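I will keep this short. Please look at the sequence and the fold while I go through two topics.

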Amino acid sequence: MQQATITETKIVMSDPTALGVFGLAVVTLVAASAKLHWTHGVSYLIPWALFLGSVAQIWASTIDFKRNNYFGAVVLGVYGLFWVAVSMHWAISLGWFGVIDPTKVDPSQFGVACLGYFIFSLFIMVAAFESNKVLGIMLVLINMLLLSLALSLMGIQPALFGDLAAWSELGVALLGFYYAGAIFLNNFFGRTLMPLGAPLGFLRKGPAKA
């Protein structure tokens with residue numbers, strides 16, 4: 001009697017980075033258009049924030065967790081959750097969940113949240129520059145955006161920091177499109193068509209933990 005042979009099949013999951021970064025690029029482009037007064041209102045921003053900023057990045061994050069890609073999983077998840085919260089903030093401000101009592105809301109709380117994200121994004125920026133230069137520069141712009149938003153929402157030079165937030169967000173969007181396109185084409189063709197820049201090399205990873 002022959003013994004059946006069981007073959008273990010390992011599922012290889014594709015790199016979801018292009019999807020996640022594309023989602024970030026689209027939502028920041030649409031949001032920047034409002035900050036720069038090219039468009040107006042936030043009602044039509046919410047779908048893009050929810051599906052491109054949130055779902056696309058969180059979905060990519062879950063795939064990266066399964067691929068054991070620690071950096072991508074954490075970063076895409078962190079920013080995906082940010083856009084969930086921003087969407088809820090806009091929806092509440094529009095009265096989707098009922099009439100708002102202006103005496104019970106404080107816009108500076110959103111600024112405090114942006115400040116918290118800015119702090120953690122500084123750590124992400126350090127790791128990003130050890131991944132590639134384009135991603136590192138994106139994180140510089142993201143940090144400018146978060147800090148500018150925080151200061152503006154806290155009432156500190158709102159005109160100045162509002163403009164700085166708008167232009168830095170536009171920069172995030174444009175670099176994001178380049179980064180997503182580069183990841184997509186480089187992975188598809190199996191060679192570098194669009195360079196991302198070598199890591200800075202100031203910090204090196206230690207040996208893998210057992």
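Searching the whole structure gives nine aromatic pairs; rings of Phe, Tyr and Trp (its six-membered ring) pair if their centres lie within 6.5 Å, with planes under 30 degrees apart counted as stacked, over 60 as edge-to-face and the rest as tilted. Phe-82 and Tyr-117 make an edge-to-face pair, 4.9 Å centre to centre with 65 degrees between the planes. Phe-82 belongs to helix 3 and Tyr-117 to helix 4 (residues 108-129), so this pair ties together parts 35 residues apart in sequence. Helices here are DSSP runs (H or I, at least four residues), numbered from the N terminus.

This is a predicted model: local features need pLDDT of at least 70, side-chain atom pairs count only at pLDDT 80 or more, and totals for chains, interfaces and linings use all residues. Residues are numbered from 1 along each chain as its sequence is written, and side-chain values use heavy atoms, with hydrogens and water left out.

Phe-82 is buried, at a relative accessible area of 11%; buried means under 20% (1.4 Å probe, protein chains only). Trp-83 and Trp-90 form a tilted pair, 6.3 Å centre to centre and 55 degrees between the planes, and both are buried. Tyr-79, Phe-82, Trp-83, Trp-90 and Tyr-117 form one aromatic cluster.

Now helix 2. A kink of about 25 degrees is centred on Val-55, the bend being the angle between axes fitted to the seven residues ending there and the seven starting there. Among the buried residues of helix 2 are Leu-52, Gly-53 and Ser-54. After helix 2 comes Asn-68, with a positive phi near 60 degrees.

Conventions. Helices (H or I, at least four residues) and strands (E, at least two) are DSSP runs, numbered from the N terminus. Buried means under 20% relative accessible area, exposed over 50%, partly exposed in between (1.4 Å probe, protein chains only).
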